Amino acid sequence: SSLTPFGNPQNILLWEGSRLGAAQFVAIAAPPVAVSAVLALAFLYPFGRKNDMGTGSTAKFSVLPGVYLALEAAIVFVAGYLNIQPVLSLFVSFVVGFAFQGNYSALVKEFDSQGLLILYTLITLVTVSSIFIQAALAGYTQPAADLQEPYSALFMLGLSNLISNVPATQLILATSHVVPQKAPLLAVEAGLSGNFDPISSLANLLALNILRRNGVKTTRIMLMLFATGAVSAIPLFFLNAGL
């Protein structure tokens, strides 16, 4: 989700603001995402082996989500090649996604309206507040936007785990100037910063609800989330190495 310009809401915000092509975005984000993926896999693999994850499962899986993701990627990258605005290509790809959803009643049932309402409320509060305190915040947000490490990584980590990574990204965009080539790396920062606690990412809230419904203890979820997040976030402190 940190790799592509449409993988996360904060990626979309930064992609639209940067005016980079989809391929450019991926090329810049790829190195730290690859390192983070290897670290996360190395950390999680022993736990999967220990618990025999995925063995003996009788669950039926559908290939439709994979087909949809492939179509979405194709739409966005072709639109970028044709210089079509990101907002239009994303609209088309999301419409295609709804067309793939056969059971619309299940979609409504599983939709986490409460989590989304919290996210939208935080984004609105951040946007409105930044209008009045932009000058006071610029001294703190501009170094983060400039990827001055380790400050930028620590700033995004701390802020994301207080107000979630999408509002944190919106705050940086509203109060500082983001160089286009640094936007994908800020997206990586925001994405990996969302792996520490439930509030840091809407995806965490969704996953937490699913796991709790299946009887997994919250304390175990929190410990695993924090440990994996810490390991996968190591590349954040070296983002300037590729600039």
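Trainee: Does Gln10 count as buried or exposed?
Mentor: First, the ground rules: this is a predicted model, where local features need pLDDT of at least 70, side-chain atom pairs count only at pLDDT 80 or more, and totals for chains, interfaces and linings use all residues. Residues are numbered from 1 along each chain as its sequence is written, and side-chain values use heavy atoms, with hydrogens and water left out. Buried means under 20% relative accessible area, exposed over 50% and partly exposed in between, with a 1.4 Å probe and protein chains only. Gln10 has 1% relative accessibility, so Gln10 counts as buried.

Trainee: Which residues is Gln10 in contact with, leaving aside neighbours within four places in sequence?
Mentor: Contact means heavy atoms within 4.5 Å. For Gln10, the partners are Asn165, Val166, Thr169, Ala190 and Gly191.

Trainee: And how should I read a pocket?
Mentor: Rolling a probe the size of a water molecule over the atoms shows where empty space is left. On a 1 Å grid over the protein atoms alone, a pocket is an open set of points where a 1.4 Å probe fits, with protein on both sides within 12 Å along at least five of seven lines; lining residues have an atom within 4 Å of a point. A volume is the space filled by probe spheres set on the points, which are joined across faces, edges and corners. Here, the second largest pocket holds about 990 Å³ of space.

Trainee: How many residues line the second largest pocket?
Mentor: There are 34, with Leu44, Leu211, Met224, Leu225 and Thr228 nearest its centre.
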